[in-house]
Amino acid sequence: MDPPLPFPQSLCHRCAAPPRYVRSPTAVFILCPLLPIKYPPQPVVQCALFRPKQAL
Ligand code: SF4
């Protein structure tokens, strides 16, 4: 079974960027395609590049 997504409160999960989820056998990492640091400290609670994902 896949490990659950980390930091449910993170803005990244609701971001149009969109983030990529990089999975290891025991953890999921959130890769931001926009930030040079790629793996911002989580949970992200403020981000100048955040744009909300459109609701489907
Ligand atoms: S732009 Fe900001 S909120 Fe969006 S995925 Fe990257 S770090 Fe997360």
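This briefing describes the fold, the ligand surroundings and several backbone features of one protein. The structure is a predicted model. The protein contains two strands and zero helices. Its radius of gyration is 11 Å, which agrees with the value near 10 Å that a compact globule of 56 residues would have.

**Overall form**

- The C-alpha trace spans about 30 × 30 × 15 Å along its principal axes.
- Of the 56 residues, 9% count as buried.
- Among contacts with a separation of 6 or more, 45% are between residues 24 or more positions apart.

**The strand pair**

- Strand β1 covers residues 20-23 and strand β2 covers residues 28-31; the two run antiparallel and are joined by four bridges.
- Arg-20 has Leu-31 in β2 as its bridge partner.

**Surroundings of the ligand**

- The ligand is surrounded by 13 residues, and the closest are Cys-12, Cys-15, Cys-32, Cys-47 and Leu-49.
- The shell around the ligand consists of 13 nonpolar residues, with no polar and no charged ones.

**His-13**

- His-13 lies in the segment before β1.
- This residue counts as partly exposed because it has 17 C-beta neighbours inside 10 Å, whereas a buried residue would need 20 or more.
- Beyond its neighbours within four places in sequence, His-13 is in contact with Leu-5 and Pro-8.
- The C-alpha atoms of His-13 and Ile-30 are 8.8 Å apart in space, while the two residues are 17 residues apart in sequence.

**Cis peptide bonds**

- The peptide bond from Ala-17 to Pro-18 is cis, and its omega is near -15°; Pro-18 belongs to the segment before β1.
- Gln-42 and Pro-43 are also joined by a cis peptide bond, with omega about 0°; Pro-43 belongs to the segment after β2.

- Phe-7, which is not a glycine, has a positive phi of about 50°.
- Phe-7 is located in the segment before β1, and it is partly exposed because 14 other C-beta atoms lie within 10 Å.
- Lys-38, likewise a residue other than glycine, has a positive phi near 65°.

Conventions:
Residues numbered from 1 in each chain as written. Predicted model: local features only at pLDDT ≥ 70, side-chain atom pairs only at ≥ 80, totals over all residues. Rg over C-alpha atoms; globule rule 2.2 N^0.38 Å. Buried ≥ 20, exposed ≤ 12 C-beta atoms within 10 Å, placed from the backbone. Contact = placed C-beta atoms within 7 Å. Near = placed C-beta within 6 Å. Nonpolar A, V, L, I, M, F, W, Y, C, P; charged D, E, K, R; others polar. Pairing = 2+ DSSP bridges.
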